[in-house]
2 protein chains.
Amino acid sequence: MKAFVAGVGMTRFEKPETRSWQYWDMAREAGSAALEDAGVTYGAVEQVPVGYCFQPSTAGQRAAYELGLTGIPVYNVNNNCATGSTALMLARQLVAGGAADCVLALGFEKMKKGALGGGADGGARGGAADAWSAVSPVARHYGIMAARHGFEATPPTAQIFGAAAREHMERYGTTEAQLAAVAAKNHRHSAHNPNAQFRDVYDVAGILASRMVHRPLTRLQCSPTSDGAAAVVVVSQRFASRRGLTGLVEIAGQAMATDTEESFASGSCIDVVGQPMSRRAARQAYERAGLGIEDVDVIELHDCFSVNELLTYEALGMCAPGESGKLVESGATTYGGRWVVNPSGGLISKGHPLGATGLAQTAELVWQLRGTAGERQVAGARVGLAHNIGLGGAAVVTVLRAV
Amino acid sequence: MKAFVAGVGMTRFEKPETRSWQYWDMAREAGSAALEDAGVTYGAVEQVPVGYCFQPSTAGQRAAYELGLTGIPVYNVNNNCATGSTALMLARQLVAGGAADCVLALGFEKMKKGALGGGADGGARGGAADAWSAVSPVARHYGIMAARHGFEATPPTAQIFGAAAREHMERYGTTEAQLAAVAAKNHRHSAHNPNAQFRDVYDVAGILASRMVHRPLTRLQCSPTSDGAAAVVVVSQRFASRRGLTGLVEIAGQAMATDTEESFASGSCIDVVGQPMSRRAARQAYERAGLGIEDVDVIELHDCFSVNELLTYEALGMCAPGESGKLVESGATTYGGRWVVNPSGGLISKGHPLGATGLAQTAELVWQLRGTAGERQVAGARVGLAHNIGLGGAAVVTVLRAV
């Protein structure tokens with residue numbers, strides 16, 4: 001059966017300790033917004049997959065109970081930075097498989113300021129790296145890469161993404177200016193997003209002039225540490241029809257890929273940070289949707305670091321391997337171009353609360369496909385694609401289609 | 001569609017630091033055993049829900065990668081002490097909904113010796129309590145109960161279960177000897193289980209004479225801290241037929257219940273520790289299976305503390321409220337009685353590695369329903385029931401039927 005997004009909601013993403021909220025406060029805010037957007041009450045929800053990484057076991061119940069004490073199943077899920085879309089993937093399958101007609105996917109993260117930064121005060125890189133360093137297939141091959149690329153024994157994520165960026169530059173002639181162009185674009189997009197953690201605009205020179213985190217990635221090319229929540233209501237066709245729900249968006253195709261030997265066999269940091277996972281997830285999602293990258297209008301993708309946006313252009317088939325630097329420079333991935341990538345500002349400027357990110361991407365795409373994205377609206381958007389990846393690892397690609 | 005268990009496996013449960021293994025070692029051991037038992041290779045597995053509470057995000061990938069790097073979806077799930085059955089519940093729904101024909105549910109826990117004990121050196125009580133104390137609907141009502149029952153502000157789980165036991169004694173005249181009889185039975189059963197952490201036999205006097213953990217619960221009435229893993233292969237009918245799999249057990253009915261106002265409204269500790277959740281989960285599972293407690297032969301239930309076995313007898317409908325002490329004393333829940341409860345030795349003597357427990361219960365029941373449980377075999381067992389509960393909270397009841 002088909003599954004549809006009926007409602008979405010999110011909090012504004014915030015620098016940790018900006019608001020005095022607990023994770024259940026943010027979850028209530030996002031969850032209530034999604035339910036209201038869908039036009040249903042919590043009483044109609046039959047199951048709740050909840051995504052987060054840093055809160056204790058059954059934090060999902062603590063959060064969902066804010067919306068109601070209805071006794072329904074709650075699943076707490078995590079997959080590092082791909083946690084939000086993991087909750088969405090379960091929600092979609094529960095609806096598509098007929099186990100439920102209305103499922104709420106909820107995601108949140110309350111992060112510690114600086115606690116995860118591995119030296120830099122930006123983002124998720126440290127948090128993911130903690131788990132990442134415990135993951136053998138990565139660790140197993142890490143010795144080789146550490147020697148080859150000259151970084152410390154257990155790197156914060158910034159180091160491994162920095163190494164991937166250098167590898168791309170060496171192999172394809174990608175420039176620091178092209179990497180910075182990704183960040184300049186996403187910061188510029190975020191200026192129109194009231195939910196974004198940052199809304200400041202920077203040019204390429206300003207991006208390059210910001211503090212170096214790990215060569216060649218400067219601070220403004222790295223996603224920050226963030227608090228925030230997002231939620232998505234997934235429903236069946238019969239549920240939507242019976243209740244006369246409007247504003248539906250179809251989940252046309254979705255896939256999760258995890259690591260294979262390809263991630264590690266080459267010793268390439270581009271492979272280790274997940275480009276092969278992203279490529280496989282995209283291929284499967286296209287196949288299930290019966291659509292291709294040529295059908296897509298708007299994309300929210302996992303720009304945890306500027307380089308990952310470039311790697312993802314290639315993984316999604318937007319350009320040939322090595323051509324991504326030129327693609328962003330050409331303007332093909334911003335307003336007026338072939339696709340608009342990260343109209344929300346992306347992880348770099350909107351923020352990256354791990355459990356919420358995948359669901360917030362969905363929220364942005366739903367607004368875009370409904371034509372209600374305001375100043376960020378991508379003209380005539382009919383098909384959207386979300387890409388969310390976590391080291392350790394999981395890549396989730398979701399193709400959404402306006403109904 | 002129907003879903004079937006095709007294979008099960010588990011490690012021996014061990015006191016932490018007994019074996020020098022990592023969580024992925026135990027997962028490989030249990031997962032390989034389950035696949036071998038099913039007669040399938042990891043290459044046939046399409047999705048992997050993995051349950052654990054204390055390992056980092058994407059530990060499930062780290063574990064599953066030991067079995068193969070096939071790139072399939074991995075979901076890391078947690079629900080405190082009900083984590084293992086949460087993974088099973090997702091596996092069952094993925095198969096029943098047609099999303100996959102073969103799903104491996106994997107669960108493990110590597111726990112720290114004494115680290116969770118809240119003063120006592122037994123069990124999961126401390127671990128669950130950490131999360132539990134963060135859960136508002138409990139915390140919200142906790143002040144009342146703390147005052148009413150006279151314990152500290154943030155109790156280890158033993159305190160709240162101890163209070164529930166005292167409440168049962170005061171309300172129904174249940175005796176300390178009846179509580180101890182639960183533990184004596186389960187320790188006795190474990191003598192025949194090579195996978196059990198403890199295999200020593202104690203009589204009621206010996207149980208009562210062991211160190212007091214929290215009145216009236218003595219040490220031998222509390223589940224220990226444990227390392228271990230368990231795994232279950234869930235398949236569709238068509239997959240089983242195509243491959244000629246044997247030894248199938250049908251998942252006839254299953255339900256997860258979470259808290260409702262009923263858990264807290266009364267201020268009763270019996271309600272707070274989850275008897276109402278268990279009752280609702282059982283009712284739903286019976287309805288879905290088209291079976292009742294009268295059809296059940298063998299039960300694995302969540303005896304984290306002796307009192308919880310008594311509370312669960314009532315929740316499952318084995319006796320009227322208040323009659324559970326007499327029921328265990330009558331011998332109705334051991335070999336030769338109406339049901340055999342916890343033939344494996346239960347959490348109290350088999351051990352309780354949080355992520356593994358729900359799946360290990362399934363393993364025991366599958367062996368019982370196949371008639372391959374050796375010295376522990378319950379004669380003529382055709383229908384089994386597993387009950388797994390986590391404070392915070394979730395109760396999962398699964399009804400299994402021999403094919």
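**Close-up views of a predicted two-chain model**

**View 1. Pro216(A) sits in the loop between strand 5 (212–214) and strand 6 (217–218) of chain A.** The model is predicted. The peptide bond that leads from Arg215(A) into Pro216(A) is cis. Its omega is near 0°. Most peptide bonds are trans.

View 2. Gly393(A) belongs to the loop that runs between strand 11 (383–390) and strand 12 (394–402) of chain A.

**View 3. Glu17(B) has a positive phi.** The value is near 75°, and the residue is not glycine. Most residues other than glycine have a negative phi. Glu17(B) is found in the loop between strand 1 (3–10) and helix 1 (23–38) of chain B.

**View 4. Glu29(A) and Arg19(A) form a salt bridge through their side chains.** The N to O distance is 2.9 Å. Glu29(A) is part of helix 1 of chain A, while Arg19(A) is in the loop between strand 1 (3–10) and that helix, so the pair ties together parts ten residues apart in sequence. Side chains of opposite charge can pair when their charged atoms come close. Over all chains, the count is 32 salt bridges.

**View 5. Chain A meets chain B through 49 residues from chain A and 49 residues from chain B.** Together the chains bury about 3600 Å², with 55% of that area on carbon and sulfur atoms. On chain A, the elements that give two or more residues to this side are helix 1 (23–38), helix 2 (59–64), strand 3 (74–78), helix 3 (83–96), helix 5 (136–149) and strand 8 (249–257). By class, that side of chain A holds 25 nonpolar, 18 polar and six charged residues. Across the interface, 30 residue pairs are in polar contact, both residues at pLDDT 80 or more. Zero salt bridges are counted between chain A and chain B.

**View 6. Strand 3 of chain A pairs with strand 3 (residues 74–78) of chain B.** The pairing is antiparallel and runs over three bridges. Asn76(A) has Asn78(B) as its bridge partner.

**View 7. Residues 115–137 of chain A have pLDDT below 50.** Beyond near neighbours in sequence, this stretch makes 71 contacts in the model. Where pLDDT is low, the predicted coordinates should not be read in detail. For chain A, the mean pLDDT is 91, and 89% of its residues reach 70 or more.

How values were computed. Residues are numbered from 1 along each chain as its sequence is written. Chains are lettered from A and ligands numbered from 1 in the order in which they are written. Side-chain values use heavy atoms; hydrogens and water are left out. Contact means heavy atoms within 4.5 Å. Buried area is the accessible area (1.4 Å probe) that two parts lose on being put together, summed over both. A salt bridge is a side-chain nitrogen of Lys or Arg within 4 Å of a carboxyl oxygen of Asp or Glu. A polar contact is a pair of N or O atoms within 3.5 Å; within protein, one must be able to donate a hydrogen and the other to accept it, and residues adjacent in sequence count only if both atoms are side-chain atoms. Helices (H or I, at least four residues) and strands (E, at least two) are DSSP runs, numbered from the N terminus. Ala, Val, Leu, Ile, Met, Phe, Trp, Tyr, Cys and Pro count as nonpolar, Asp, Glu, Lys and Arg as charged, and the others, Gly among them, as polar. Two strands pair if DSSP finds at least two bridges between them. pLDDT is the predictor's confidence in each residue, from 0 to 100.
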